[in-house]
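I'd like to walk you through a structure, so please have a look at it while I talk.

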Amino acid sequence: MSDEVVVKLNVNGRDHKVLVEPRKLLSDVLREDLHLTGTHVGCEHGACGACTVMVDGAAVRACLLFAVQVDGSKVVTVEGVTPTDGTLNPFQQAMQDCHGLQCGFCTPGFVVSMTSYLDDHPNPTDDDLKIALSGNLCRCTGYRGIINAARTAAGLPVPANAADGSDH
Amino acid sequence: MASTISAGRYVGQAVKRLEDPRLLSGHGRYVDDVQLPGMLHVAFVRSNVARGTIVSIDTSAALALPGVRAIYTGADLNPRVGMFWHTMMGPPPELGGQTPYAPLTPLAGGDVRFVGDPIVLIIAENRYIAEDAADLVEVEIDVQQAIVGWETAIDTDQRVHPGTTTNVGQEFPLPEGPEVDALFAGAPHVFTRRFSQCRATNVPMEPRGIIVHYDQYVGDLQIWAATQSVSEWKATSSRLTGVPEHRVKVVANDVGGGFGQKMMMTRDEAAVVMAAHLFGEAPIKWTEDRRESLMAANQGREEIIDVTFAVTDEGVLLGAKVFFWEDIGAYPASAGSTAGMAGAVFPGPYKFPVVLPGGSSVYTNTVGKAAYRGPWMMETVAREQMMDHIAYELGIDPIEIRRRNVIHADDLPYTTCTTMVYDSVTPSETLEQALEMLDVAAFRTMQADARAEGRLLGMGVAIYIEPSAVAFGILSSDQAIMRMDNSGKVIVAMSTGNHGQSLETTIPQIVAEHLGCNIEDVLLVQGNTESSPTGPGTGGSRSAVVAGGAAMNAALKMKDKIVQIAAHMLEASPDDMEVNAGVVSVKGTPAKALPFAMIAPVAYQMPEMLPPGMEMGLEVTARFQPAGQYTWSNATHVCTVEIDPETGMTKILRYIVSEDCGRMVNPMVVEGQIAGGVVQGIGGVLFENMIYDEDGNPLATTFLDYLIPTAPEVPDIEVGHIVTLAPGQTGFKGMGEGGAIAAPPCLANAIHDALRHLGVHPTAFPLGPSQLLTMMNEAKQA
């Protein structure tokens, strides 16, 4: 146990000041102190990617950072990459169209990772996309819908025989 | 009776999921997202040895830590347990039932039985303090040699559960069969193999989690949990604590996967329930971390299967003997063994004149066995690999030997030698469709060309028939409670426990289709014991069949009442009415029409406008009970691989599934279930291995050691559909588990095909790079 410290964060465009122990993880501060529970904790050792958020524009694992390490930073979570008008961003919409999620627990990590990746890499190859997706684990979908969603959002062709919801 | 079934307005359509916007935007509500005023947090002290006697537990330093509120050991919680058994499995023999449970206590008693065994439960103001306190608890254990591996468990005079007389959990001896022995003695060929698969674990991306609050003044036990079945957990918690069942309330909101692991309440969760009941003051939350999940949550597979087949010169099957050995760990969920089921469905898609199955499950000092997607699937793992081994022994193509034995349409209805009755299955049709999708001749040419260059390509086939919607005990039926409210919108409450199956979309599809309304006007309510009916929850590939059937029946009843009211209001005959998009109209006279929003208020507020004698209101209940104990679906998997001779790494080139799950509610969801199952199956062959050392230490307790597949490792999964209707009204067949059942032997057969010319004949999973390189080197030296 150690004395609490003040951490200032700009999260999804809003300024916050929280009083937390220096050892408190960014993921826990987002979830418990700021009530942004869209950032999920799936492994706490940086392997599954469910907790991915953007810190100053870079996708990072919130479970591998203490909040105090990012004092003064701009943080964007899954809530923050979602348009405020009730629609979905292009990758989110492709995830729905291609059935890229089942239980939805890993989904916020994929959404933040790929939203960030596609912003930085507008013309990826098919292999590039799979490598970009390799930092996030999903146990439900077998990645079929997620890979097809990434292809759709990147403007790459999707294999013909996948049933999808694009007509409905 | 292969036929093309036309889709309805909703059923059969790839409707986009209604739950997705919430989950995609970070607004799902999983158990760890629930924060309650005054809530405290739980951490466990777990055993770091696999077997030993607890000499002492010193909690004084932990109790003195500021922020620690309570510490409980087995001595505090275990004696308070009323009963610990599961509704689905029934009570243990000493309480009049038949299920041989392991001796279950929430926390370890006088001894520990696996690494991860919960010994002490700590309640503190936050999880950080709870874990600090866990580090301060001193547990002295007199360590004993662990019992690891089924052979050790059988040979040793030591017992996993002290005081018991055997380490055998359940045993089904091979039936006596002198006529079968004679048949084998006279058979042209008899082949024996031993197949094994390594231990795997379910790995839901959301680990286990539970919040429990016992309000001693009200008398209610309120639970929020990551569970597949709130009814099961309500009843289990009532039996554990003695709180009457109607005062136990269980809520499961969004649940992050389960694959069988979250069906039964396990000891850790029971300990939280017991601790909350004793503590009383405030809600307590336990969220499992991944290390705990990989170390202490129930696991699957780890089976050895001995098979002996008798065949003719042409490869026609004459009979089989099969014996299943299962390592069920220390505290399996339910009774652990699935050998009875595996034996019953062993004949699968083939015309076996006789199969004699037997099995033995043994306790070991490891984590208990869970149901894991297709819990009985070792039968397909063994049978489908054995078909290839026999084919190669006889010099017959593996496809051809299947064609000579597979059940055809003109064999139906077909009763297997184990008395299973198939009425509507298409193993032959799916085999041919999958092979056509591959283009076998083109692949064989490519394989030969590649081999000339020293490259190793292979193809594998596996066929299975899935016993979906298993109907026994509480699994036999489901209920839908439906009401239309005053504005014409529909709420249907069910026992289902969605944890990825898309039921929030597929159940409204079925209701909207059969009631005749828009899907936006239907809401599924589930995962809440106060609003949902008692039932088994979601698992066993049954929700589409049984819950879907109940939803359809309720919709038809509701439609009947709506039509009667509308006909009375329009002064027409109910027989002349039609319902579309939430409007009841007189056929051919569209002007004479009433929307649900004008009919519903009449039912609730204007009794004088109702047909004489009709009860007010718009509430119906309906049940569905499948006609048979199983609703059979089926599929054929075909894949091709290339193995790197230098590294032993397997790359999957193509993966093809042809399946028949009857009428599809939503083909997009069906294909999603197939892909997810296939990739779990691939993981179980190539990557995943929950391994223990000889002292019972788990060696894969992080995601850097326990490797589940990632995106670059999976091929594009190609799916073909053949649709034959299940018997009964809906035509739906369950299919949630099949992908994970057929993928392992399909992939193993492809690897076998790629390496057999080198003298490599694999029989054991995993088949990762090191295993394949070892086998290739051994074959070279031999």
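This is a predicted model: local features need pLDDT of at least 70, side-chain atom pairs count only at pLDDT 80 or more; totals for chains, interfaces and linings use all residues.

The buried ones are Leu26(A), Ser27(A), Asp28(A), Val29(A), Leu30(A) and Arg31(A). Part of the cover over these residues comes from strand E2 of chain A, residues 14-20. After the helix comes His35(A), which has a positive phi, near 60°.

Now let's step back to the whole of chain A. It is divided into domain 1, residues 5-77, and domain 2, residues 90-154. Taken over C-alpha atoms, the centres of these two domains of chain A are 22 Å apart. Their contact draws 12 residues from domain 1 of chain A and 10 residues from domain 2 of chain A. Which element gives the most to the domain 1 side? That is strand E3 of chain A, residues 52-55, with three residues. On that side of domain 1 of chain A, the classes come out as six nonpolar, six polar and no charged residues.

Next, the contact between the two chains. Chain A puts in 53 residues and chain B puts in 51 residues. On the chain A side, five helices each supply at least two residues: H2 (78-81), H3 (90-97), H4 (107-120), H5 (126-133) and H6 (144-154). By class, the chain A side has 25 nonpolar, 19 polar and nine charged residues.

Over to chain B, which is divided into three domains. Domain 1 covers 20-26 and 472-624, domain 2 covers 34-144, 205-257 and 262-296, and domain 3 covers 300-468 and 630-781. The centres of domain 2 and domain 3 of chain B, again over C-alpha atoms, are separated by 37 Å. In their contact we find 22 residues from domain 2 of chain B and 21 residues from domain 3 of chain B. Helix H9 of chain B, residues 290-296, gives the most to the domain 2 side, with five residues. That domain 2 side holds 13 nonpolar, four polar and five charged residues.

I also picked out two helix pairs in chain B. As a reminder, two packed helices are described by the angle between their axes and the distance between the axes.

The crossing is right-handed. From H11(B), Met387(B), Asp388(B), Ile390(B) and Ala391(B) meet Pro398(B), Ile401(B) and Arg402(B) of H12(B). In this contact there are five nonpolar, no polar and two charged residues.

The second pair is H16, residues 543-570, and H17, residues 596-605, of chain B, which pack at about 90° with their axes 10 Å apart. H16(B) and H17(B) are therefore roughly perpendicular to each other. Here Ile562(B), Ile565(B), Ala566(B) and Met569(B) of H16(B) meet Phe596(B), Ile599(B), Val602(B) and Ala603(B) of H17(B). And what are the classes in this contact? Eight nonpolar, no polar and no charged residues.

Gln509(B) sits in helix H15, residues 503-515. Is Gln509(B) buried or exposed? Gln509(B) counts as buried, because there are 26 C-beta neighbours inside 10 Å. Leaving aside neighbours within four places in sequence, its contacts are Tyr10(B), Val11(B), Val15(B), Ile519(B), Val665(B) and Asn666(B). Gly548(B) is 39 residues away along the chain, and its C-alpha atom is 9.5 Å from that of Gln509(B).

The other one is Met274(B), in helix H8 of chain B, residues 267-279. Met274(B) is buried too, with 27 other C-beta atoms within 10 Å. Outside the four places on either side in sequence, Met274(B) touches Leu77(B), Arg80(B), Val81(B), Pro106(B), Leu240(B) and Thr241(B).

Note on methods: Residues are numbered from 1 along each chain as its sequence is written. Chains are lettered from A and ligands numbered from 1 in the order in which they are written. A crossing is left-handed if the near helix is turned anticlockwise from the far one by less than a right angle, and right-handed if clockwise. Helices (H or I, at least four residues) and strands (E, at least two) are DSSP runs, numbered from the N terminus. Two residues are in contact if their C-beta atoms, placed from the backbone, lie within 7 Å. Ala, Val, Leu, Ile, Met, Phe, Trp, Tyr, Cys and Pro count as nonpolar, Asp, Glu, Lys and Arg as charged, and the others, Gly among them, as polar. Domain bounds come from an automatic or database domain assignment. A residue is buried if 20 or more other C-beta atoms lie within 10 Å of its own, exposed if 12 or fewer, and partly exposed in between; C-beta atoms are placed from the backbone. Axes are lines fitted to C-alpha atoms, for helices over the stretch in contact, and angles run from 0 to 180 degrees between N-to-C directions. Angles under 35 degrees count as roughly parallel, over 145 as roughly antiparallel, 65 to 115 as roughly perpendicular and the rest as oblique.
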